[in-house]
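Open the model in your viewer and keep the sequence panel beside it. This tour goes from one selection to the next and says what is there.

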Amino acid sequence: MTQTLNLLFKEIEGSWIYNQTFYCLINKVIKINKYKMNIIKLNSFENQKNFNKFDKNNYIYEYGKPQQGKVIYKYKDIKYSKNTSCFIERIDDPISIKYNMQLYEKNYLKINCKTEKINYSEYIYAINKNLRISFILVKKFNKCIAISFTSQIKINI
């Protein structure tokens, strides 16, 4: 199972097209977004103070949206034992947000982030290495406030 998690990181690189539908249940707003994102693995990062070092248990990826700039995430504490989870941390922002990522099956991944008020859960299903779908659920004080559905298609095969 862990080898599948490592394989997942290798398959994440490339150009992707995202089609996202976002439902805000508080003010009943629906937003539909379509964008292209380039995901690349970094071997170094200029802001060294935000993390200790690169090693075989860490992956660092840059997610680039044309109009919104780039976001850099560090996937860390990936174990090579029977552990199928890791932590995700945004490292290009002074306000560090940490997520827990858990692989349940070879094609089903859950990403979760909890604060005192907000619980963010994302469920990602890999149909194959070039097609993924995801479902996002955002709760505030245990009440659902937003839902999102996304399809992700890899365009550089």
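In which segment is Ile155 found? Select Ile155: it is in the segment after strand 10, which covers 143-154. Bear in mind throughout that the model is predicted.

**The whole chain**

Zoom out and colour by secondary structure. The protein chain has 1 helix and 10 strands. Reading from the N terminus, the order is α-β-β-β-β-β-β-β-β-β-β. The chain has 157 residues, and buried residues make up 40% of them. Consider next the contacts between residues at least 6 apart in sequence: 34% of these join residues at least 24 apart.

**Ile155**

Go back to Ile155. Is this residue buried, partly exposed or exposed? Ile155 counts as partly exposed because its relative accessibility is 40%, and the range for that class lies between 20% and 50%. Ile155 and Trp16 are 139 residues apart along the chain, yet 5.6 Å separates their C-alpha atoms. Not counting residues up to four places away in sequence, Ile155 touches Ser15, Trp16, Ile17 and Lys36.

**Lys154**

Step back to Lys154, which lies in strand 10. Lys154 is buried and has no salt bridge. Which side chain of opposite charge is nearest to Lys154? That side chain belongs to Glu11, 7.1 Å away. A salt bridge would need the charged atoms within 4 Å. Show the backbone of Glu11 as well: the side chain of Lys154 reaches the backbone oxygen of Glu11 at 3.1 Å. With neighbours within four places in sequence left aside, the contacts of Lys154 include Glu13, Gly14, Ser15 and Trp16. Lys129 and Asn130 are also among them.

**Arg132**

Select Arg132 next, in strand 9 (residues 131-140). Arg132 is also buried without a salt bridge, and Glu11 is its nearest side chain of opposite charge, 7.4 Å away. What does the side chain of Arg132 make a polar contact with? The partner is the side chain of Gln152, at 2.6 Å. Turn the view towards Trp16. Arg132 lies over the face of Trp16, 4.0 Å from the ring centre. Leaving aside neighbours within four places in sequence, the residues in contact with Arg132 include Ile12, Tyr18, Ile124, Tyr125 and Thr150.

**Phe141 and Asn142**

Follow the chain to the loop between strand 9 and strand 10, where Phe141 lies. Asn142 lies in the loop between these strands too. Is Phe141 buried or exposed? Phe141 counts as exposed because its relative accessibility is 57%. Asn142 counts as exposed too, so classed because of a relative accessibility of 68%. Check the backbone angles here. Phi of Phe141 is near 50°, a positive value, and phi of Asn142 is near 70°, also positive. Most residues other than glycine have a negative phi.

**Aromatic rings**

For the last stop, show the side chains of Phe, Tyr and Trp. How many aromatic pairs does a search of the whole structure find? The search finds 7. Select Tyr23, Tyr123, Phe135 and Phe149 together: ring pairs link these residues into a cluster.

Technical notes
Residues are numbered from 1 along each chain as its sequence is written. This is a predicted model: local features need pLDDT of at least 70, side-chain atom pairs count only at pLDDT 80 or more; totals for chains, interfaces and linings use all residues. Side-chain values use heavy atoms; hydrogens and water are left out. Helices (H or I, at least four residues) and strands (E, at least two) are DSSP runs, numbered from the N terminus. Buried means under 20% relative accessible area, exposed over 50%, partly exposed in between (1.4 Å probe, protein chains only). Lys and Arg count as positive and Asp and Glu as negative; His and the chain ends are not counted. A polar contact is a pair of N or O atoms within 3.5 Å; within protein, one must be able to donate a hydrogen and the other to accept it, and residues adjacent in sequence count only if both atoms are side-chain atoms. Contact means heavy atoms within 4.5 Å. Rings of Phe, Tyr and Trp (its six-membered ring) pair if their centres lie within 6.5 Å; planes under 30 degrees apart count as stacked, over 60 as edge-to-face and the rest as tilted. A charge sits over a ring if NZ of Lys or CZ of Arg is within 6 Å of the ring centre and within 35 degrees of the ring normal.
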